[in-house]
Amino acid sequence: MCRTNSALARVARHRYLGRMNDITPIAVPGQPEAKPERARKPDWIRVKAPTSPAYHETRKLMREKGLNTVCEEAACPNIGECWTKKHATVMILGDVCTRACAFCNVKTGMPRKVDVNEPQNLADAAAEMGLEHIVITSVDRDDLPDGGASQFVKVIEALRRTTPHTTIEILTPDFRNKHERAVEMIVAARPDVYNHNLETVPRLYPTIRPGARYYASLRLLESVKRLDPSIFTKSGIMLGLGEERLEVHQVMDDMRSADIDFLTMGQYLQPTPKHTKVIDFVTPAAFNAYAGIARAKGFLQVASSPLTRSSYHAGEDFAQMRAAREAKLARTAAKA
């Protein structure tokens, strides 16, 4: 069998297994209803429950300022480590999303009215925590005319006023059918890093990210660089959803074609039995191999491990990425 046919066979196998996993057991009268099972996590995925005083201080501050965090809403496994270090990814525009992606634990429904005090509350919290780097994300707000872009702008402006030395990383939705104007607004506010996650390979979009389009997300990131090449761009994918190795390599190539600087890769974890199932637990060695390939393809920064998430170690990664760009520019100047 040729390599192409072998790859197609593996894809077909994953699709078959996915269908088998989705079969609902038949209820037998007089017996308790069977509960959906989640795959057992390997040792390299398990983390300790957060208990440190700094963790509770961060949680208390978020509640006092009325802020939501993706750390909590997405049930991030790194919350204990990050909050102990007073690192948090703040989620603006409420905690209710207008979409229902198969991997995401954020609530779906009709969101509440936009909080006009949110930008300054967020900036005050960042100043109180003494943050050197902050990550701002949001739910999808397809109900808003600009998809919530103006709130991102207001948050960036409030941070620049209140804590000017804090570097700002944003992780935006795709602003479906309105991304050109939304990106123009946000880029004009000049965040330091613009992140938008592709999440998975194109083949899996209909089941994993049905409300989005792979190439629309690529165009969004490409437009950031076109409007302001100095802004770092970043994107990430989850592994373990049934993707093939060559499909992951193609996503890397697509990202580099869009001039994306920073790639993150982490293990998908099923948040509840109702969410899409884990097909594979990818080993740390496999993550390291993907990282080596990504660096060879020219990314300035790569974060690839089972517990990697978009904002995990974001501050340290930003500093390394900025240093990598400066070194690259210095090498180019020396050759000129």
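**Parallel strands and their crossovers**

Student: Which residue stands opposite Leu 171 in S7?
Tutor: In this predicted model, S6 and strand S7 (residues 193-195) run parallel and are joined by 3 bridges; two strands count as paired if DSSP finds at least two bridges between them. Across that pairing, the residue of S7 opposite Leu 171 is Asn 195.

Student: Through which helix does the chain cross from S6 to S7?
Tutor: The β-α-β crossover from S6 to S7 is right-handed. Right-handed means that, with the strands pointing away from the viewer, the path from the first strand over the helix to the second runs clockwise. Helices (H or I, at least four residues) and strands (E, at least two) are DSSP runs numbered from the N terminus. The helix on this path is H7.

Student: At what pLDDT do side-chain atom pairs count?
Tutor: Residues are numbered from 1 along each chain as its sequence is written, and side-chain values use heavy atoms, with hydrogens and water left out. As the model is a predicted one, totals for chains, interfaces and linings use all residues, local features need pLDDT of at least 70, and side-chain atom pairs count only at pLDDT 80 or more.

Student: What share of the 336 residues of the protein chain counts as buried?
Tutor: The chain has 12 helices and 10 strands. Buried means under 20% relative accessible area, exposed over 50% and partly exposed in between, with a 1.4 Å probe and protein chains only. By that cut-off, the buried share of the 336 residues is 49%.

Student: Why is S6 largely enclosed by the rest of the structure?
Tutor: On one side of S6 lie Thr 167, Glu 169 and Leu 171, and on the other Ile 168 and Ile 170, all of them buried. S6 is largely enclosed because the count of buried residues is 5 of 5.

Student: How many residues of strand S5 are buried?
Tutor: One side of S5 carries His 133, Val 135 and Thr 137, the other Ile 134, Ile 136 and Ser 138, and both faces are covered. For this strand, residues 133-138, the buried count is 6 of 6.

Student: Which residue stands opposite Ile 136 in S6?
Tutor: S5 also pairs with strand S2 (residues 89-92), in parallel and through 4 bridges, with Val 90 opposite Ile 136. S5 and S6 (residues 167-171) pair in the parallel sense over 5 bridges. In S6, the residue opposite Ile 136 is Ile 170.

Student: Which helix does the chain pass through from S5 to S6?
Tutor: The bridge partner of His 133 in S6 is Thr 167. The β-α-β crossover from S5 to S6 is right-handed, and the helix in it, residues 149-162, is H6.

Student: How many nonpolar residues are in the contact of H6 with H7?
Tutor: H6 and H7 (residues 179-189) pack at about 5 degrees with axes 9 Å apart, the axes being lines fitted to C-alpha atoms over the stretch in contact and the angles running from 0 to 180 degrees between N-to-C directions. The two helices are therefore roughly parallel, a class for angles under 35 degrees, with over 145 roughly antiparallel, 65 to 115 roughly perpendicular and the rest oblique. Contact, meaning heavy atoms within 4.5 Å, involves residues including Phe 152 and Ile 156 of H6 and Met 185 and Ile 186 of H7. With Ala, Val, Leu, Ile, Met, Phe, Trp, Tyr, Cys and Pro as nonpolar, Asp, Glu, Lys and Arg as charged, and the others, Gly among them, as polar, there are 1 polar residue, no charged ones, and a nonpolar count of 8.

Student: How many charged residues does the contact of H9 with H10 have?
Tutor: Helices H9 (residues 214-227) and H10 (residues 245-257) pack at about 35 degrees, with axes 9 Å apart. Tyr 214, Leu 218 and Glu 222 of H9 meet Val 251, Asp 254, Met 255 and Ser 257 of H10. By class there are 4 nonpolar residues and 1 polar, and the charged count is 2.

Student: What is the relative accessible area of Thr 264?
Tutor: Thr 264 lies in strand S9 (residues 262-267), where 6 of 6 residues are buried. Residues that Thr 264 touches include Asn 197, Lys 234 and Thr 308. Thr 264 is itself buried, with a relative accessible area of 4%.

Student: Which residue stands opposite Thr 264 in S10?
Tutor: S9 and strand S10 (residues 301-304) pair in the parallel sense over 4 bridges. In S10, the residue opposite Thr 264 is Ala 303.

Terms used. Lists of a residue's contacts leave out its neighbours within four places in sequence.
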